[in-house]
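Please open the structure in your viewer and keep the sequence alongside, so that each stop on this tour can be selected in turn.

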Amino acid sequence: MNYQEIKKALGLKVDSGKFEVYSPVDGGVITKITLDDAVSVETKISDAVKAFEVWRQVPAPARGELIRLFGEQLRTHKKALGAMITLECGKITAEGEGEVQEMIDICEFATGLSRQLYGLTIATERPSHSLRETWHPLGPVGIISAFNFPMAVWSWNTALAVVCGNAVLWKPSEKVPLCALACQHLFDVACQQYETSPPGLSQLLLGERDVGAQLVADSRVPLISATGSTPMGREVGSIVAGRFGKSILELGGNNAIIVSQTADLKLALMAIVFGAVGTAGQRCTTTRRVFAHADLHGELLERLKGAYSGLPIGDPASEGVLVGPLIDKDAYDKMQTALEEARAAGCTVTGGERVLADQYPDAYYVQPAIVEGSDSLMNVIRETFAPILYYFRFDELVEAIDRQNDVPQGLSSAIFTNDVREAELFTSALGSDCGIANVNVGTSGAEIGGAFGGEKETGGGRESGSDAWKGYMRRSTATINYSTEMPLAQGIKFDI
Ligand code: NAD
């Protein structure tokens, strides 16, 4: 589907403006759009406050009905939305549609959740009293998202935030505004079907980091959920903390797979290749490091190189292609810099070169790279957002776990083993220090049902399933005295 066909299928109208939107598929300009400015951002934040004041009064299961309707819109338009992701972000068709499926899944999850926003009833020490915890809507939620999940990250936040009684303001990446316009349009259609949702319940703030910065600094927005690089999170997190706001930070990863000597090599190979080259290495959960046991180090490396040599690279909309383009030239340059550094450290680099440059002179397709560790490069601590797999060898599992953990990031990790002791150690308090610790499952991707996020410089936030919804609400503890006495806590006597 081309841009016009996608817009037609979605019923989407896009205002023209001066800001150029590029496709990484061929590097061409798709269209030009209008961005927000400081005045329109101010108006939208005021509207979000008004929308919140109405929406928080709607019973939670009725709020869930809006998200159910939105999920229906996503189902109906899955193909067109997937095609928009492919066009603007460069994901292959299966990954584009897979991202939309994640949005459908979170809508189902959130609809069910709208009847389960449970608080606790707690045993009280005082007679004829009750003690309980209640969860209340928080306020307008600011969402900042990265280019590489141009729709799903917003939906994880929005589906939960809206059933929790909040309004949302979304500042998408300036590299993928059309994906955001498409999502916002379908949300608006769901609101029309629902009929009684307040205007301004979900709004887009289109622009670059200045627009994000205005949102982040505004104390009418009690929660900022920001997904992107660690430097962005460091800036955003400190500004939000400075005004005592809450933040959910989902930042960079540096994910590793440990392959033990008992591993099922076929499984490990599939997980490593998909994890390292999927989305052209541009996922927060991309497999960036492998620690292979000395017994199988050579064999696994040979099989990996074999798999890499046959990877179908090209137009992400074409059938059979597994590796699409990098997002832009900047990403390509950063990849080349990282590979130069690896060579300088004595590593052997296989792949990494630009391909298809004749066919796409303005787009950046690369052969994914494997870097074999050297004596002076035994680990890599920086996330380069490109398909570079650093391959290391280990002798003892505890050493591999230590090296895996010895990086600033803590998002996703995995071990391939058939030894129950190794699996249990890896997932124990002495094992992986990441937010995600898998056994015989790769690092890349995650199910909606679990809480998603990572530790250390990955930011510590959690989104999506489990009890992540609590991050979008405020907790109130209420003690109720239904006696005619005034007993004080801890038995204190205070007669007047
Ligand atoms: P980025 O940090 O360049 O931009 C992310 C978003 O932040 C964009 O919308 C950008 O405009 C905005 N932004 C940047 N500086 C800002 C500021 N000072 N104030 C307010 N907003 C600001 O990231 P990117 O290149 O789009 O995405 C790649 C990065 O995102 C990688 O590091 C990747 O690991 C990370 N990521 C993390 C997760 C996760 O869940 N942990 C998911 C996806 C991507």
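Which residue in β23 is the bridge partner of Thr134? Select Thr134 and look across to β23, where Ser476 is the bridge partner. Before going further, note that this is a predicted model, in which local features need pLDDT of at least 70, side-chain atom pairs count only at pLDDT 80 or more, and totals for chains, interfaces and linings use all residues. Residues are numbered from 1 along each chain as its sequence is written.

Next, select residues 129–137, which form strand β4, and see how this strand pairs with β23 in the antiparallel sense over nine bridges; two strands count as paired if DSSP finds at least two bridges between them.

Now move to Gly310, in the loop between α11 (297–309) and α12 (329–344). Helices (H or I, at least four residues) and strands (E, at least two) are DSSP runs, numbered from the N terminus. Gly310 is exposed, with 7 other C-beta atoms within 10 Å; exposed means 12 or fewer such atoms, buried means 20 or more, and partly exposed lies in between, with C-beta atoms placed from the backbone.

Finally, show the whole protein chain, which has 14 helices and 23 strands, and whose C-alpha trace spans about 80 × 60 × 35 Å along its principal axes. Buried residues make up 50% of its 496 residues.
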